[in-house]
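Open the model in your viewer and keep the selection tool at hand. The tour goes stop by stop.

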Amino acid sequence: MDVTSVIESLNSAQRSAVTAPAQAMLVLAGAGSGKTRVLVHRIAWQIQVLGVPAQSILAVTFTNKAAMEMRNRIEDLLSISTRSMWIGTFHGLAHRLLRRHAEQAKLPATFQVIDSDDQLRLIKRLLKNLNLDEAQWPAKQIQWYINAQKEEGQRAKHQQPSFDLYQNQLLIIYKAYEDICQRSGLVDFAELLLRVHELLRDDLELLTFYQQRFSQVHVDEFQDTNTIQYAWLRLLTQNRDNLFVVGDDDQSIYGWRGAKIENIHNFQKQYPNHQVIRLEQNYRSTGHILKAANNLIAHNQSRMGKELWTDAGDGELISLYSAFNEQDEAYFVVEKIRAWVQDGGLREDVAILYRSNAQSRLFEERLISAAIPYRVYGGLRFFERMEIKNALAYLRLISNHHDDSAFERVINTPTRGIGVKTLEDIRTIAREQTLSLWQATVYLLQQNNLSARSANALKTFLMLIKNLATECTDLELFEQVKRVVERSGLIELYKKEQGDKSEARVENLEELVNAARLFDFEQDAGEALNPLDLFLAHATLESGEMQGETFEDCVQLMTLHAAKGLEFKLVFLVGLEEGLFPSQQSVDDVGRLEEERRLCYVGMTRAMQHLYISYAESRRLYGRDTYPRPSRFLRELPTHSFQEVRMRANVNRSVSTPKAKSVSPSLTSGQSYQPGQQVSHPKFGAGVILQIEGEGTQERVQINFKTAGVKWLMIAYAHLQLS
Ligand code: ATP
Ligand code: MG
């Protein structure tokens, strides 16, 4: 399609953003107003109309999925390949730069990217090495500290020792962590960004090269960039003022991970000649959905302020479902999806959005029993599965023998008779002599103090890795993976394993070979990078929240955080309960509460035509039964934009006069009771029955308690007393 004709399908504000000359520009606009569309069209415009070469395009998006969509949309518009364009996530692009310039970045050419799970293991091992008790120094907190430092651009050496012993110890750990990563050639996610920043900052020649190469730097979801990401963008554009960013302050949802909404203000200060464009028409959602979302977000104090409108008409009311427990909620949602599909709706147009990953399980179970295909984003995905990580660790060790984290993972997987004591000795030598675990093993063998059995086991392991490395040199990538999967003993290990997971694990390993076969590494001409290293980095970057997969006709399950930028015809926003959403940790902190509200705004504005919001009146959470109150966000929606819905039509709503009773029998299933009766509950006190549903053990009542409010309870378990 011709771009000029496409420009006509934009509104005038969008068009002026797309066609503006290269300059600093901020498109600040609410959800669904076409920001991403503007970004894509601007790239197309530059290539088609301004004749900018494809390799001068740099675009950063938040997820791999978004990056892939962006590529597809540009290809659709221009009918050209996007291979030579730099389109990706901050992490993906940083990785690409580091691979090209590993030496200048002071990294071994075989450096490996580790995900946060591997990072945590490494920290745990480090704490042991430093003789620090994990009870006092929780690894997760250390991990958080290290990443936060890196995201602020701070190295251990930048920090002054203080009088605070705790701070000093943290610094020592941070330094030791940096050392071990450098020694083993490991790069964590935060390090990718920091390293690239340092590389560009300190190498003027390289910086100038990239500054000249990219004619305009485009950033989607700018509100969620962190300090180091912004510093990186700034370096690339500092002499040319050619930073084009789109974002929405109301959708800033990564503050907890270091994202800085202040970057929008900084941008406005640091690029004084910038232009701001606001988009106000929403093209995604129908009127009721949009009005409710606008109303909700208006409760936040710290906003840049904007209002969205649509000419799409009011559309359907938002449906609110009060479930009596979490099972009922899942049942309700899946029933609605079943009906949607029966009416000819596509599954891929449906999303279930939740606050925390743990909520997905119940929906999955229900979907499985209803035989509805689904895909979960943000749970344990392919590259994060144990068997896959083990196979990848073998591959990493083959590529770099000094990758300690891979070494630890596979030295005894499958078990090969290397005892705990021998392993401890290896670690001690490595620590005392600053060697990699591989070198320490070689050293230990040279000492000749080991039992014949241990020595043999270690030798066999080293030989296995060395031989595989030699054998793999001339093989194609997928053959390398195949060889390693077969020879590592992993297949036999999982074949022998008991239980229903065993077969799936073997299949997954086969799938890994397939993934390697299909792996299409984007390379500029002239880049001679090792396919295995690229594949390994791809596997790490594709897991975690950054991952993306192609949509098939599956129902989509994901956290609200992962739903950013996406849109679906039918959306279920579930678990709107105090303590869950907003989360318990956020309710006492105004700033965090506002971030939760923005998250809710993001969730609601994913819906195009149909939005269901649900909450459960009792929920088993972290092994305990809880009776949460409905989320405060529900009270912030305008009452005229939603309707309460019920599962069944035959609900008894008649309220009759309560009969006087002189005795107080316990109300159990099968007993006669009716709406209007006064009852009391051991925990919630006195209340009046509003309605009754279900039969037998599933029978439940809705009661309006004087102090605890309206709740659904199971009669069989509620221990109600007539009063
Ligand atoms: P978010 O803030 O959620 O990322 P966004 O501002 O990036 O949203 P887009 O995803 O670009 O919004 O657009 C939302 C929807 O509206 C898309 O389906 C897009 O194709 C459509 N759209 C945007 N602008 C127009 C337009 N001028 N005419 C028709 N459809 C449009
Ligand atoms: Mg967008």
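Buried here means under 20% relative accessible area, with exposed set at over 50%. Keep in mind throughout that this is a predicted model.

**Stop 1: Q119**

Select Q119. It sits in helix α6, which runs over residues 116-129. Is Q119 buried or exposed? Its relative accessibility is 2%, so Q119 counts as buried. Now show what it touches. Leaving out residues up to four places away in sequence, Q119 is in contact with I114, Q143, N147, Y177 and D188.

**Stop 2: confidence**

Colour the protein by pLDDT. The average is 86, and 91% of the residues score at least 70. Which elements mark the two ends of the scale? Strand β13, residues 568-573, has the highest mean pLDDT among the elements, at 98. Strand β18, residues 666-667, has the lowest, at 42.

Next, select residues 545-551. The pLDDT is below 50 over this stretch, and the model gives it 32 contacts beyond near neighbours in sequence.

**Stop 3: ligand 1**

Centre on ligand 1. How many residues surround it? The shell has 19 residues, and the closest are K35, Q251, R284, E567 and R606. Highlight helix α3, residues 35-48: this helix gives the most to the shell, with 3 residues.

- S9: a backbone N or O atom lies 3.2 Å from a nitrogen atom of ligand 1.
- Q14: an N or O atom of the side chain is 2.8 Å from a nitrogen atom of ligand 1.
- T36: an N or O atom of the side chain is 2.8 Å from an oxygen atom of ligand 1.

On its own, ligand 1 has 630 Å² of accessible area, and the protein covers 86% of that.

**Stop 4: S583**

Move to S583. This residue is in the loop between β13 and α25, the latter spanning 590-604. S583 has 11% relative accessibility and therefore counts as buried. Which residues does S583 touch, not counting those up to four places away in sequence? They are R355 and E596. S583 and S631 are 48 residues apart along the chain, and their C-alpha atoms are separated by 9.7 Å.

**Stop 5: the nonpolar cores**

Select L392, F461, V481 and L512. These residues have the most contacts inside the largest nonpolar core, which has 52 residues. Helix α20, residues 452-472, gives the most to this core, with 9 residues.

Zoom in on F461. Setting aside neighbours within four places in sequence, F461 is in contact with Y394, L397, F407, V410, I411 and R416.

**Stop 6: helix α11**

Finish on helix α11, residues 227-237. How many of its 11 residues are buried? The count is 8, which leaves the helix mostly covered. To display them, select I228, Q229, Y230, W232, L233, L235, L236 and T237. Then look at the start of α11. There, a side-chain oxygen of N226 comes within 3.2 Å of the backbone nitrogen of I228.

Conventions:
Residues numbered from 1 in each chain as written. Chains lettered and ligands numbered in written order. Predicted model: local features only at pLDDT ≥ 70, side-chain atom pairs only at ≥ 80, totals over all residues. Heavy atoms only, no water. Core = buried A, V, L, I, M, F, W, Y, C linked by side-chain atoms within 4.5 Å. Buried < 20%, exposed > 50% of the residue type's maximum accessible area, 1.4 Å probe, protein only. Helix = DSSP H or I, 4+ residues; strand = E, 2+ residues; numbered from the N terminus. Contact = heavy atoms within 4.5 Å. pLDDT = per-residue confidence, 0-100. Near = heavy atom within 4 Å. Polar contact = N/O pair within 3.5 Å; in protein donor to acceptor, adjacent residues only side chain to side chain. Areas by Shrake-Rupley, 256 points an atom, 1.4 Å probe, with all protein chains shown as cover.
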